[in-house]
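Have the sequence and the 3D view ready.

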Amino acid sequence: MLKPYSLLLLLGLAGGVGFNAAAVPELTTVGEGSYRYMFWQLYDARLATQSGQFADYQQSAPLLLELTYKRDISKQQFIDATVDEWQKLGHSSKAQQQQWAQQLQSLWQDVQEGDTLAALLQDDGSVKFYLNGTETGVLEDTAFGTAFFDIWLHPDTSAPKLRRQLIAAQ
């Protein structure tokens, strides 16, 4: 079972801060929403593609997820919460999750309230990460992109209301 605190940490992301146009391609918003846990707004999120529509990862790439935090979160807390979500979804092995978590150690940083973390799923399946518009690195493993974006976009996500908002589902 997902620990409520882990969910709080993972869902502490959101969109709203602009990005350097040279760093992130200009994409059209598919949907956006806020995630709340009990009384706290944890983050705002925005999903964007070239067409402004989301079909699936292959057809919609490049696909951008922006998360703007409403609270401070350490890199390790965010990584732990990400692994918790992967375990809940069960679409990757523990060994694979630990390998990705190690790679994220060098790509992610602590975030402060108001920071925006963005993940860009590229046409080749790799994922570029940005913090406040500055690229922090690329994870090349093509299986990672699906696993990461599934945290928000898979039908079994922990945040089904936000998923519906992001993919503009009725």
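What volume does the largest cavity have? The largest cavity has a volume of about 70 Å³. Of the 13 residues lining this cavity, Phe78, Trp108, Gln109, Val111 and Leu117 are the closest to its centre. The lining splits into eight nonpolar, three polar and two charged residues. A cavity here is a set of points, on a 1 Å grid over the protein atoms alone, where a 1.4 Å probe fits but cannot get out, and lining residues have an atom within 4 Å of a point.

A quick word on the ground rules: this is a predicted model, where local features need pLDDT of at least 70, side-chain atom pairs count only at pLDDT 80 or more, and totals for chains, interfaces and linings use all residues. Residues are numbered from 1 along each chain as its sequence is written, and side-chain values use heavy atoms, without hydrogens and water.

Now for the backbone. Most residues other than glycine have a negative phi, and most peptide bonds are trans. Ala61 and Pro62, though, are joined by a cis peptide bond with omega of about 0°. Asn132 isn't a glycine, yet its phi is positive, at about 55°.

Here is where some residues sit; helices (H or I, at least four residues) and strands (E, at least two) are DSSP runs, numbered from the N terminus.

| Residue | Loop between |
|---|---|
| Pro62 | helix H2 (57–60) and strand E3 (63–69) |
| Asn132 | strand E5 (127–131) and strand E6 (134–139) |
| Met38 | strand E1 (28–37) and strand E2 (40–49) |

Methods
On a 1 Å grid over the protein atoms alone, a cavity is a set of points where a 1.4 Å probe fits but cannot get out, and a pocket is an open set with protein on both sides within 12 Å along at least five of seven lines; lining residues have an atom within 4 Å of a point. Grid points are joined across faces, edges and corners, and a volume is the space filled by probe spheres set on the points. Ala, Val, Leu, Ile, Met, Phe, Trp, Tyr, Cys and Pro count as nonpolar, Asp, Glu, Lys and Arg as charged, and the others, Gly among them, as polar.
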